[in-house]
Amino acid sequence: MKVVFFDGVCNLCNASVRFLNKYDKHQIFEIHSLQSEMALKLLTPHFPQNLPDSIVYLNNNQILTESDAVLEILKQLPFPWMFLYIFNIIPKFFRNSIYRYIARNRYKWFGKCHI
């Protein structure tokens with residue numbers, strides 16, 4: 001099971017989901033919001049304190065977050081998107097710093113939607 005969890009109130013995240021739906025030609029991903037019952041059911045055992053507030057990728061029992069999640073998802077999309085996985089050569093601390101900066105500002109830059 002390959003499940004992508006996203007922030008359902010984030011306009012940037014919702015645009016990313018539309019992108020994923022468009023290019024996931026073989027429908028390999030299930031997509032759910034972090035605010036859903038499915039997120040509570042599947043993620044709470046892995047995050048007993050608090051669920052993350054941005055992307056989480058669950059691939060069987062492997063959990064990926066932040067830039068690792070984004071890159072792993074892109075790797076499974078068709079040409080040319082799979083080639084963006086090359087950014088995996090950038091050190092994780094640097095990739096995640098950029099990811100967190102965007103995540104911290106996503107509501108200010110892109111706004112919120114109502115679910």
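The side chains of Asp 7 and Gln 35 are joined by a polar contact of 3.0 Å, where a polar contact is a pair of N or O atoms within 3.5 Å; within protein, one must be able to donate a hydrogen and the other to accept it, and residues adjacent in sequence count only if both atoms are side-chain atoms. What you're looking at is a predicted model, so local features need pLDDT of at least 70 and side-chain atom pairs count only at pLDDT 80 or more, while totals for chains, interfaces and linings use all residues. Residues are numbered from 1 along each chain as its sequence is written, and side-chain values use heavy atoms, with hydrogens and water left out. Here's the rundown, starting with Asp 7.

**Around Asp 7**

- Asp 7 sits in the loop between strand S1 (2-6) and H1; helices (H or I, at least four residues) and strands (E, at least two) are DSSP runs, numbered from the N terminus.
- Asp 7 counts as buried because its relative accessibility is 2%; buried means under 20% relative accessible area, exposed over 50%, and partly exposed in between (1.4 Å probe, protein chains only).
- Another side-chain polar contact, of 2.8 Å, links Asp 7 to Arg 106.
- Not counting residues up to four places away in sequence, Asp 7 touches Cys 13, Asn 14, Leu 34, Gln 35, Asp 53, Arg 106 and Tyr 107; contact means heavy atoms within 4.5 Å.

**Helix H4**

- The 19 residues of helix H4 (residues 92-110) should span 27 Å at 1.5 Å a residue, and the end C-alpha atoms are 25 Å apart, which agrees; the expected span is 1.5 Å times one less than the number of residues in the helix.
- There's a bend of about 45° in H4, at Arg 104; the bend at a residue is the angle between axes fitted to the seven residues ending there and the seven starting there.
- Arg 106, the partner of Asp 7 in that 2.8 Å contact, is one of the buried residues of H4, along with Arg 95, Asn 96, Tyr 99, Ala 103 and Asn 105.
- Helix H1 (11-23) and helix H3 (66-75) are among the elements covering the buried residues of H4.

**Helix H3**

- H3 is mostly covered, with eight of its 10 residues buried: Glu 66, Ser 67, Asp 68, Ala 69, Leu 71, Glu 72, Ile 73 and Leu 74.
- The cover over the buried residues of H3 includes S1, H1, strand S3 (56-59), strand S4 (62-65) and H4.
- Glu 66, in helix H3, has a positive phi near 55° despite being a residue other than glycine.
- Glu 66 counts as buried because its relative accessibility is 17%.

**The nonpolar cores**

- The largest nonpolar core has 12 residues: Val 4, Leu 20, Phe 29, Ile 55, Tyr 57, Leu 64, Ala 69, Ile 73, Leu 74, Leu 77, Tyr 99 and Ala 103. A nonpolar core is a set of buried Ala, Val, Leu, Ile, Met, Phe, Trp, Tyr and Cys residues joined through side-chain atoms within 4.5 Å.
- H3 and H4 each supply at least two residues of this core, and H3 gives the most, with three residues.
- Leaving aside neighbours within four places in sequence, the contacts of Tyr 57 include Val 4, Phe 29, Leu 64, Ala 69 and Ile 73.
- A second, separate core has nine residues, among them Val 3, Phe 5, Leu 43 and Leu 58.

**Phe 19**

- Phe 19 belongs to helix H1 and is partly exposed, with a relative accessible area of 27%.
- Beyond its neighbours within four places in sequence, Phe 19 is in contact with Leu 74, Leu 77 and Trp 81.

**Cysteines**

- The disulfide count comes to zero, a disulfide being a pair of cysteine sulfur atoms within 2.5 Å.
- The cysteine sulfur closest to that of Cys 113 belongs to Cys 10, but at 7.6 Å it's too far for a bond.
- Cys 10 counts as buried at 0% relative accessibility, whereas Cys 113 is partly exposed with a relative accessible area of 23%.

- Phe 79 and Pro 80 are joined by a cis peptide bond, with omega about 5°; Pro 80 lies in the loop between H3 and H4.
- Gln 27, in the loop between H1 and strand S2 (30-33), isn't a glycine but has a positive phi of about 50°.
- Gln 27 counts as exposed, at 68% relative accessibility.
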